[in-house]
Amino acid sequence: MTDADLPEQPQRHEEVANIDIFLRIKPVPRPTNRILVDSLEGKVEFNIPRDAAAGLINNSRERYLFSFNGILTPEAKQDEVFERVARPVVTSALSGFNGTVFAYGQTGSGKTFTITGGAERYVDRGIIPRTIACIYSEVAKQADYTYQVHISYLEIYNELGYDLLDPTREVQAMEDLPQVYIQEDEDQNINFKNLSIHRAATEEEALNLLFLGDTNRTVSETPMNQASTRSHCIFTILLEARRAGSDKVRRSKLNLVDLAGSERVAKTGVDGTILKEAKYINLSLHYLEQVIVALQERNMGLSRGHVPYRNSLMTMVLRDSLGGNCKTVMVATASGEGQNMEESISTCRFAQRVAMIRNQVSVNEQVDPAAIIRRLKQEVRDLKEELRLVRGDAPERGPLTTNELDRLTKQLLAYVDEPDQTASINLGGDMMVIRA
(Lines give C-alpha, C1' and ligand atoms only; values in the text may rest on other atoms or scores of the structure.)
Protein backbone atom coordinates (compact mmCIF):
# COMPACT_ATOMS: atom_id res chain seq x y z
CA MET A 1 0.00 0.00 0.00
CA THR A 2 1.44 3.38 -1.03
CA ASP A 3 1.15 6.72 0.74
CA ALA A 4 -1.62 7.64 -1.67
CA ASP A 5 -3.67 4.73 -0.36
CA LEU A 6 -3.54 5.98 3.21
CA PRO A 7 -6.76 7.69 4.36
CA GLU A 8 -6.53 11.44 4.50
CA GLN A 9 -7.30 12.73 7.97
CA PRO A 10 -10.14 15.29 7.84
CA GLN A 11 -9.08 18.78 8.85
CA ARG A 12 -11.04 20.25 11.76
CA HIS A 13 -12.01 23.88 11.16
CA GLU A 14 -13.59 25.54 14.18
CA GLU A 15 -15.69 28.67 14.12
CA VAL A 16 -17.16 30.77 16.91
CA ALA A 17 -20.95 30.98 17.02
CA ASN A 18 -23.11 32.86 19.50
CA ILE A 19 -26.38 31.34 20.64
CA ASP A 20 -29.31 32.83 18.72
CA ILE A 21 -32.31 33.83 20.86
CA PHE A 22 -35.92 34.21 19.78
CA LEU A 23 -38.90 35.47 21.77
CA ARG A 24 -42.30 33.88 21.21
CA ILE A 25 -45.27 35.69 22.74
CA LYS A 26 -48.23 33.49 23.57
CA PRO A 27 -51.62 34.71 22.33
CA VAL A 28 -54.05 35.43 25.20
CA PRO A 29 -57.68 36.63 25.30
CA ARG A 30 -56.80 39.91 27.04
CA PRO A 31 -53.25 41.01 26.11
CA THR A 32 -51.79 43.92 28.04
CA ASN A 33 -50.92 47.17 26.28
CA ARG A 34 -47.79 47.52 28.41
CA ILE A 35 -45.80 45.17 26.17
CA LEU A 36 -44.60 46.90 22.98
CA VAL A 37 -43.16 44.71 20.23
CA ASP A 38 -41.04 45.82 17.27
CA SER A 39 -40.79 42.60 15.24
CA LEU A 40 -38.77 44.26 12.46
CA GLU A 41 -36.03 45.43 14.83
CA GLY A 42 -36.34 42.35 17.08
CA LYS A 43 -37.06 44.41 20.19
CA VAL A 44 -39.62 44.16 22.98
CA GLU A 45 -40.37 46.77 25.64
CA PHE A 46 -42.09 46.25 28.99
CA ASN A 47 -43.59 49.25 30.78
CA ILE A 48 -44.48 48.92 34.46
CA PRO A 49 -46.01 52.01 36.12
CA ARG A 50 -44.71 52.96 39.54
CA ASP A 51 -46.77 51.91 42.52
CA ALA A 52 -48.28 55.05 44.09
CA ALA A 53 -48.41 53.31 47.46
CA ALA A 54 -44.60 53.30 47.52
CA GLY A 55 -44.55 57.03 48.25
CA LEU A 56 -43.05 60.06 46.53
CA ILE A 57 -39.49 58.73 46.62
CA ASN A 58 -39.72 55.72 44.34
CA ASN A 59 -36.72 54.58 42.30
CA SER A 60 -38.31 51.44 40.90
CA ARG A 61 -37.62 50.82 37.24
CA GLU A 62 -40.46 51.52 34.83
CA ARG A 63 -39.09 50.52 31.41
CA TYR A 64 -37.36 47.33 30.26
CA LEU A 65 -36.03 46.93 26.71
CA PHE A 66 -34.68 43.66 25.27
CA SER A 67 -33.26 42.72 21.87
CA PHE A 68 -33.58 39.32 20.15
CA ASN A 69 -32.49 37.72 16.89
CA GLY A 70 -36.18 37.49 16.09
CA ILE A 71 -39.58 37.93 17.69
CA LEU A 72 -42.47 35.58 17.02
CA THR A 73 -45.65 37.55 17.63
CA PRO A 74 -48.91 35.98 18.86
CA GLU A 75 -49.98 35.73 15.21
CA ALA A 76 -46.99 33.54 14.25
CA LYS A 77 -47.94 30.07 13.02
CA GLN A 78 -46.06 26.85 13.71
CA ASP A 79 -44.55 26.65 10.22
CA GLU A 80 -43.05 30.14 10.62
CA VAL A 81 -41.59 29.15 13.99
CA PHE A 82 -39.90 26.11 12.46
CA GLU A 83 -38.56 27.96 9.42
CA ARG A 84 -37.05 30.81 11.43
CA VAL A 85 -35.88 28.96 14.52
CA ALA A 86 -35.14 25.33 13.71
CA ARG A 87 -34.53 24.83 9.98
CA PRO A 88 -31.03 26.40 9.96
CA VAL A 89 -30.02 24.13 12.85
CA VAL A 90 -31.47 21.04 11.13
CA THR A 91 -29.69 21.88 7.87
CA SER A 92 -26.40 22.25 9.76
CA ALA A 93 -26.95 18.89 11.49
CA LEU A 94 -27.29 17.20 8.10
CA SER A 95 -23.93 18.75 7.20
CA GLY A 96 -22.22 17.30 10.28
CA PHE A 97 -22.68 20.02 12.93
CA ASN A 98 -24.18 19.32 16.35
CA GLY A 99 -27.33 21.31 17.03
CA THR A 100 -29.69 22.17 19.88
CA VAL A 101 -33.02 23.98 20.04
CA PHE A 102 -34.45 24.54 23.51
CA ALA A 103 -37.48 26.39 24.87
CA TYR A 104 -37.40 28.29 28.16
CA GLY A 105 -40.10 30.21 29.99
CA GLN A 106 -42.62 30.20 32.81
CA THR A 107 -45.14 27.39 33.09
CA GLY A 108 -48.06 27.75 30.70
CA SER A 109 -46.25 30.11 28.31
CA GLY A 110 -46.24 27.74 25.30
CA LYS A 111 -42.95 25.81 25.47
CA THR A 112 -44.39 22.35 24.82
CA PHE A 113 -46.65 23.69 22.07
CA THR A 114 -43.59 25.23 20.42
CA ILE A 115 -41.36 22.15 20.68
CA THR A 116 -43.86 19.28 20.32
CA GLY A 117 -47.00 20.99 19.04
CA GLY A 118 -50.70 20.46 19.47
CA ALA A 119 -52.38 17.08 19.04
CA GLU A 120 -55.68 18.24 17.56
CA ARG A 121 -54.69 19.82 14.23
CA TYR A 122 -52.02 18.83 11.71
CA VAL A 123 -50.98 22.46 11.20
CA ASP A 124 -50.20 22.70 14.91
CA ARG A 125 -47.24 20.32 14.63
CA GLY A 126 -44.28 21.62 16.60
CA ILE A 127 -40.56 21.78 15.97
CA ILE A 128 -39.86 18.07 16.63
CA PRO A 129 -42.31 16.52 14.11
CA ARG A 130 -41.43 19.16 11.53
CA THR A 131 -37.73 18.45 12.08
CA ILE A 132 -38.33 14.75 11.51
CA ALA A 133 -40.17 15.45 8.25
CA CYS A 134 -37.42 17.85 7.13
CA ILE A 135 -34.62 15.36 7.83
CA TYR A 136 -36.12 12.49 5.85
CA SER A 137 -37.09 14.83 3.01
CA GLU A 138 -33.53 16.17 2.73
CA VAL A 139 -31.95 12.73 3.09
CA ALA A 140 -33.99 11.46 0.13
CA LYS A 141 -32.51 14.23 -2.04
CA GLN A 142 -28.85 13.43 -1.27
CA ALA A 143 -28.02 10.50 -3.51
CA ASP A 144 -24.28 10.75 -2.83
CA TYR A 145 -24.68 9.96 0.88
CA THR A 146 -26.13 7.11 2.88
CA TYR A 147 -27.73 8.23 6.15
CA GLN A 148 -28.62 6.37 9.31
CA VAL A 149 -30.98 7.95 11.85
CA HIS A 150 -31.20 6.91 15.51
CA ILE A 151 -33.43 8.39 18.20
CA SER A 152 -33.48 8.60 21.99
CA TYR A 153 -35.91 10.37 24.33
CA LEU A 154 -34.80 11.34 27.84
CA GLU A 155 -37.00 12.64 30.66
CA ILE A 156 -35.60 14.36 33.76
CA TYR A 157 -38.21 14.25 36.53
CA ASN A 158 -37.38 15.46 40.04
CA GLU A 159 -33.69 15.44 39.04
CA LEU A 160 -33.81 11.76 38.05
CA GLY A 161 -33.41 10.54 34.46
CA TYR A 162 -35.82 8.12 32.78
CA ASP A 163 -36.09 6.60 29.31
CA LEU A 164 -39.35 7.69 27.67
CA LEU A 165 -38.96 4.90 25.09
CA ASP A 166 -38.65 2.14 27.71
CA PRO A 167 -41.19 -0.56 26.66
CA THR A 168 -41.82 -1.50 30.32
CA ARG A 169 -42.80 2.05 31.29
CA GLU A 170 -46.54 1.46 30.84
CA VAL A 171 -46.66 -1.47 33.27
CA GLN A 172 -44.22 -0.26 35.94
CA ALA A 173 -44.46 2.49 38.51
CA MET A 174 -41.99 5.32 37.97
CA GLU A 175 -40.04 4.48 41.15
CA ASP A 176 -39.50 0.96 39.80
CA LEU A 177 -38.16 2.07 36.42
CA PRO A 178 -34.40 1.90 35.73
CA GLN A 179 -32.85 5.34 36.08
CA VAL A 180 -30.69 6.90 33.40
CA TYR A 181 -27.18 7.73 34.56
CA ILE A 182 -24.40 9.75 32.97
CA GLN A 183 -20.95 8.25 32.62
CA GLU A 184 -17.86 10.08 31.36
CA ASP A 185 -15.03 8.36 29.53
CA GLU A 186 -11.35 9.33 29.79
CA ASP A 187 -11.86 12.01 27.12
CA GLN A 188 -14.77 13.50 29.13
CA ASN A 189 -17.31 12.39 26.54
CA ILE A 190 -20.77 11.84 28.02
CA ASN A 191 -22.41 8.42 27.75
CA PHE A 192 -25.86 7.47 29.01
CA LYS A 193 -26.55 4.26 30.89
CA ASN A 194 -30.09 2.77 30.61
CA LEU A 195 -31.06 5.12 27.78
CA SER A 196 -32.17 3.18 24.71
CA ILE A 197 -31.30 4.28 21.16
CA HIS A 198 -33.62 3.22 18.35
CA ARG A 199 -32.95 3.01 14.62
CA ALA A 200 -35.58 4.88 12.59
CA ALA A 201 -35.40 3.94 8.92
CA THR A 202 -38.46 5.98 7.90
CA GLU A 203 -40.27 9.14 8.94
CA GLU A 204 -43.17 7.04 10.18
CA GLU A 205 -40.92 5.03 12.52
CA ALA A 206 -39.43 8.25 13.92
CA LEU A 207 -42.86 9.78 14.52
CA ASN A 208 -44.05 6.62 16.26
CA LEU A 209 -41.11 6.90 18.67
CA LEU A 210 -42.00 10.54 19.32
CA PHE A 211 -45.65 9.69 20.02
CA LEU A 212 -44.63 6.84 22.34
CA GLY A 213 -42.36 9.14 24.33
CA ASP A 214 -44.94 11.93 24.55
CA THR A 215 -47.48 9.44 25.86
CA ASN A 216 -45.11 8.49 28.68
CA ARG A 217 -44.34 12.05 29.78
CA THR A 218 -45.26 13.20 33.29
CA VAL A 219 -48.13 15.70 33.07
CA SER A 220 -50.18 17.35 35.86
CA GLU A 221 -52.86 19.99 36.14
CA THR A 222 -51.70 23.22 37.78
CA PRO A 223 -53.32 26.62 38.37
CA MET A 224 -51.37 27.96 35.38
CA ASN A 225 -51.87 25.08 32.95
CA GLN A 226 -54.40 22.26 32.64
CA ALA A 227 -51.76 19.92 31.14
CA SER A 228 -48.45 21.11 32.56
CA THR A 229 -45.39 18.99 31.75
CA ARG A 230 -43.60 18.40 35.05
CA SER A 231 -40.26 17.29 33.65
CA HIS A 232 -37.49 18.35 31.28
CA CYS A 233 -37.45 16.31 28.07
CA ILE A 234 -34.66 15.94 25.51
CA PHE A 235 -35.52 14.38 22.13
CA THR A 236 -32.23 13.48 20.45
CA ILE A 237 -31.69 12.62 16.78
CA LEU A 238 -28.34 10.99 15.94
CA LEU A 239 -27.30 11.31 12.29
CA GLU A 240 -24.59 9.33 10.53
CA ALA A 241 -23.67 10.12 6.92
CA ARG A 242 -21.33 8.18 4.62
CA ARG A 243 -20.34 9.04 1.07
CA ALA A 244 -20.07 6.09 -1.30
CA GLY A 245 -16.44 5.02 -1.74
CA SER A 246 -15.14 7.20 1.10
CA ASP A 247 -13.57 6.11 4.38
CA LYS A 248 -14.89 9.21 6.17
CA VAL A 249 -18.05 9.34 8.22
CA ARG A 250 -19.95 12.36 9.57
CA ARG A 251 -21.75 11.98 12.90
CA SER A 252 -23.90 14.73 14.36
CA LYS A 253 -26.33 15.05 17.25
CA LEU A 254 -29.49 17.18 17.28
CA ASN A 255 -31.11 17.91 20.66
CA LEU A 256 -34.65 19.27 20.80
CA VAL A 257 -35.32 20.28 24.40
CA ASP A 258 -38.56 21.13 26.19
CA LEU A 259 -37.66 22.51 29.61
CA ALA A 260 -40.28 22.40 32.33
CA GLY A 261 -41.63 25.82 33.19
CA SER A 262 -40.51 27.88 36.14
CA GLU A 263 -43.22 29.05 38.54
CA ARG A 264 -43.52 31.16 41.66
CA VAL A 265 -44.86 28.79 44.27
CA ALA A 266 -46.13 31.61 46.50
CA LYS A 267 -48.10 33.01 43.55
CA THR A 268 -49.62 29.74 42.29
CA GLY A 269 -50.36 28.32 45.74
CA VAL A 270 -49.64 24.70 44.79
CA ASP A 271 -49.06 21.97 47.36
CA GLY A 272 -48.41 18.24 47.68
CA THR A 273 -46.82 16.45 44.73
CA ILE A 274 -47.11 19.48 42.46
CA LEU A 275 -45.25 21.60 45.03
CA LYS A 276 -42.47 18.99 45.20
CA GLU A 277 -42.24 18.92 41.40
CA ALA A 278 -42.13 22.74 41.26
CA LYS A 279 -39.25 22.84 43.76
CA TYR A 280 -37.18 20.40 41.69
CA ILE A 281 -38.00 22.27 38.47
CA ASN A 282 -37.03 25.63 39.93
CA LEU A 283 -33.86 24.18 41.45
CA SER A 284 -32.67 22.68 38.15
CA LEU A 285 -33.44 25.92 36.32
CA HIS A 286 -31.47 27.76 39.01
CA TYR A 287 -28.49 25.48 38.30
CA LEU A 288 -28.95 26.16 34.60
CA GLU A 289 -28.81 29.89 35.28
CA GLN A 290 -25.60 29.42 37.29
CA VAL A 291 -24.01 27.75 34.26
CA ILE A 292 -25.22 30.56 31.99
CA VAL A 293 -23.83 33.24 34.33
CA ALA A 294 -20.47 31.45 34.57
CA LEU A 295 -20.19 31.16 30.78
CA GLN A 296 -21.24 34.80 30.37
CA GLU A 297 -18.53 35.95 32.79
CA ARG A 298 -15.95 33.80 31.01
CA ASN A 299 -16.83 35.34 27.65
CA MET A 300 -16.60 38.82 29.18
CA GLY A 301 -12.97 38.11 30.09
CA LEU A 302 -13.54 37.69 33.81
CA SER A 303 -11.45 35.13 35.68
CA ARG A 304 -14.07 32.39 35.84
CA GLY A 305 -12.33 29.03 35.48
CA HIS A 306 -15.06 26.68 36.73
CA VAL A 307 -18.44 26.20 35.08
CA PRO A 308 -20.77 24.21 37.40
CA TYR A 309 -22.16 21.73 34.85
CA ARG A 310 -22.14 18.91 37.42
CA ASN A 311 -24.66 20.55 39.73
CA SER A 312 -27.60 18.88 37.95
CA LEU A 313 -28.38 16.18 35.44
CA MET A 314 -29.91 18.66 33.02
CA THR A 315 -26.84 20.91 32.87
CA MET A 316 -24.65 17.85 32.28
CA VAL A 317 -26.88 16.79 29.39
CA LEU A 318 -26.72 20.31 27.90
CA ARG A 319 -22.96 20.73 28.46
CA ASP A 320 -22.05 20.62 24.77
CA SER A 321 -25.03 22.81 23.85
CA LEU A 322 -23.87 25.57 26.21
CA GLY A 323 -20.28 26.53 25.56
CA GLY A 324 -19.32 23.40 23.59
CA ASN A 325 -19.27 22.14 20.01
CA CYS A 326 -22.86 22.90 19.05
CA LYS A 327 -25.01 25.34 17.10
CA THR A 328 -27.64 26.32 19.65
CA VAL A 329 -30.87 28.30 19.42
CA MET A 330 -33.08 29.32 22.34
CA VAL A 331 -36.79 30.11 22.17
CA ALA A 332 -37.91 32.24 25.11
CA THR A 333 -41.66 31.93 25.61
CA ALA A 334 -43.65 34.66 27.34
CA SER A 335 -47.29 35.31 28.10
CA GLY A 336 -49.01 38.43 26.80
CA GLU A 337 -51.01 38.93 30.00
CA GLY A 338 -50.26 41.79 32.34
CA GLN A 339 -50.30 39.61 35.46
CA ASN A 340 -47.32 37.65 34.13
CA MET A 341 -45.10 40.60 33.19
CA GLU A 342 -42.58 39.99 36.00
CA GLU A 343 -42.07 36.40 34.84
CA SER A 344 -41.80 37.53 31.21
CA ILE A 345 -39.15 40.12 32.11
CA SER A 346 -37.23 37.45 34.03
CA THR A 347 -37.36 35.15 30.98
CA CYS A 348 -36.04 37.92 28.72
CA ARG A 349 -33.21 38.67 31.13
CA PHE A 350 -32.21 35.01 31.06
CA ALA A 351 -32.26 35.05 27.25
CA GLN A 352 -29.93 38.07 27.16
CA ARG A 353 -27.37 36.14 29.23
CA VAL A 354 -27.69 33.12 26.95
CA ALA A 355 -27.00 35.31 23.91
CA MET A 356 -23.58 36.20 25.37
CA ILE A 357 -22.39 32.57 25.26
CA ARG A 358 -19.99 31.61 22.47
CA ASN A 359 -19.75 28.03 21.23
CA GLN A 360 -16.83 26.55 19.26
CA VAL A 361 -18.50 24.64 16.42
CA SER A 362 -16.97 22.31 13.84
CA VAL A 363 -18.02 19.51 11.51
CA ASN A 364 -17.88 16.10 13.19
CA GLU A 365 -16.11 14.19 10.43
CA GLN A 366 -13.61 11.42 11.00
CA VAL A 367 -12.05 8.45 9.28
CA ASP A 368 -14.06 5.29 9.96
CA PRO A 369 -11.71 2.41 10.94
CA ALA A 370 -14.33 -0.20 10.00
CA ALA A 371 -14.54 1.16 6.45
CA ILE A 372 -10.75 1.12 6.13
CA ILE A 373 -10.63 -2.51 7.29
CA ARG A 374 -13.31 -3.52 4.78
CA ARG A 375 -11.43 -1.79 1.95
CA LEU A 376 -8.10 -3.35 2.88
CA LYS A 377 -9.63 -6.82 3.13
CA GLN A 378 -11.06 -6.40 -0.38
CA GLU A 379 -7.62 -5.33 -1.64
CA VAL A 380 -6.08 -8.46 -0.10
CA ARG A 381 -8.67 -10.66 -1.83
CA ASP A 382 -7.99 -8.92 -5.16
CA LEU A 383 -4.22 -9.38 -4.77
CA LYS A 384 -4.64 -13.07 -3.94
CA GLU A 385 -6.72 -13.57 -7.08
CA GLU A 386 -4.13 -11.76 -9.19
CA LEU A 387 -1.36 -13.91 -7.69
CA ARG A 388 -3.34 -17.08 -8.37
CA LEU A 389 -3.84 -15.94 -11.97
CA VAL A 390 -0.10 -15.39 -12.46
CA ARG A 391 0.74 -18.80 -11.02
CA GLY A 392 -1.95 -20.55 -13.01
CA ASP A 393 -3.44 -22.03 -9.84
CA ALA A 394 -7.06 -21.73 -10.97
CA PRO A 395 -9.18 -24.62 -9.63
CA GLU A 396 -10.60 -27.08 -12.10
CA ARG A 397 -14.31 -26.77 -12.72
CA GLY A 398 -16.86 -27.13 -15.49
CA PRO A 399 -17.84 -24.48 -18.07
CA LEU A 400 -19.45 -21.20 -17.00
CA THR A 401 -23.18 -21.34 -16.36
CA THR A 402 -25.74 -19.13 -18.11
CA ASN A 403 -26.21 -17.03 -14.96
CA GLU A 404 -22.43 -16.48 -14.65
CA LEU A 405 -22.21 -15.41 -18.32
CA ASP A 406 -25.11 -12.98 -17.86
CA ARG A 407 -23.48 -11.51 -14.75
CA LEU A 408 -20.16 -11.06 -16.54
CA THR A 409 -21.90 -9.42 -19.50
CA LYS A 410 -23.60 -6.90 -17.21
CA GLN A 411 -20.29 -6.14 -15.46
CA LEU A 412 -18.54 -5.49 -18.78
CA LEU A 413 -21.36 -3.29 -20.14
CA ALA A 414 -21.42 -1.27 -16.93
CA TYR A 415 -17.64 -0.84 -17.15
CA VAL A 416 -17.81 0.31 -20.78
CA ASP A 417 -20.57 2.82 -20.01
CA GLU A 418 -18.81 4.21 -16.91
CA PRO A 419 -17.65 7.79 -17.69
CA ASP A 420 -15.13 7.81 -14.83
CA GLN A 421 -11.67 7.30 -16.31
CA THR A 422 -10.42 5.77 -13.05
CA ALA A 423 -13.07 3.05 -13.01
CA SER A 424 -11.91 -0.57 -12.76
CA ILE A 425 -13.44 -4.00 -13.14
CA ASN A 426 -12.72 -7.14 -11.14
CA LEU A 427 -13.40 -10.37 -13.00
CA GLY A 428 -11.47 -12.53 -10.58
CA GLY A 429 -8.35 -14.57 -11.24
CA ASP A 430 -9.86 -17.36 -13.30
CA MET A 431 -8.63 -17.58 -16.93
CA MET A 432 -11.92 -19.24 -17.90
CA VAL A 433 -13.76 -16.12 -16.77
CA ILE A 434 -11.34 -13.79 -18.56
CA ARG A 435 -11.54 -15.70 -21.88
CA ALA A 436 -15.33 -15.67 -21.69
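**Strand pairing and helix packing in a predicted model**

Q: How many bridges join strand β10 to strand β11?
A: Strand β10 covers residues 181-184 and strand β11 residues 190-193, and the two run antiparallel. Helices (H or I, at least four residues) and strands (E, at least two) are DSSP runs, numbered from the N terminus, and two strands pair if DSSP finds at least two bridges between them. Ile182 stands opposite Phe192 in β11. The number of bridges joining β10 to β11 is four.

This is a predicted model, in which local features need pLDDT of at least 70 and side-chain atom pairs count only at pLDDT 80 or more, while totals for chains, interfaces and linings use all residues. Residues are numbered from 1 along each chain as its sequence is written, and side-chain values use heavy atoms, with hydrogens and water left out.

Q: Which residue in the hairpin of β10 and β11 takes a positive phi?
A: Five residues lie between the two strands of this hairpin. The phi in question is near 65°, and the residue is Gln188.

Q: Is strand β15 mostly covered or mostly uncovered?
A: Strand β15 spans residues 232-243, 12 residues in total. Buried means under 20% relative accessible area, exposed over 50%, and partly exposed in between (1.4 Å probe, protein chains only). Nine of the 12 residues are buried, and the strand is mostly covered.

Q: Which residue of β16 is the bridge partner of Thr236?
A: β15 pairs in the antiparallel sense with strand β8 (residues 145-157) over 12 bridges, and Glu155 has Cys233 in β15 as its bridge partner. β15 also pairs in the antiparallel sense with strand β16 (residues 248-258), over 10 bridges. In β16, the partner of Thr236 is Asn255.

Q: How are α3 and α4 oriented to each other?
A: Helix α3 (residues 127-141) and helix α4 (residues 203-215) pack at an angle of about 160°, with axes 10 Å apart. Axes are lines fitted to C-alpha atoms, for helices over the stretch in contact, and angles run from 0 to 180 degrees between N-to-C directions. Angles under 35 degrees count as roughly parallel, over 145 as roughly antiparallel, 65 to 115 as roughly perpendicular and the rest as oblique. The two helices α3 and α4 are therefore roughly antiparallel.

Q: What is the orientation of α6 to α8?
A: The axes of helix α6 (residues 272-299) and helix α8 (residues 341-354) come within 9 Å and cross at roughly 45°. That angle makes α6, relative to α8, oblique.
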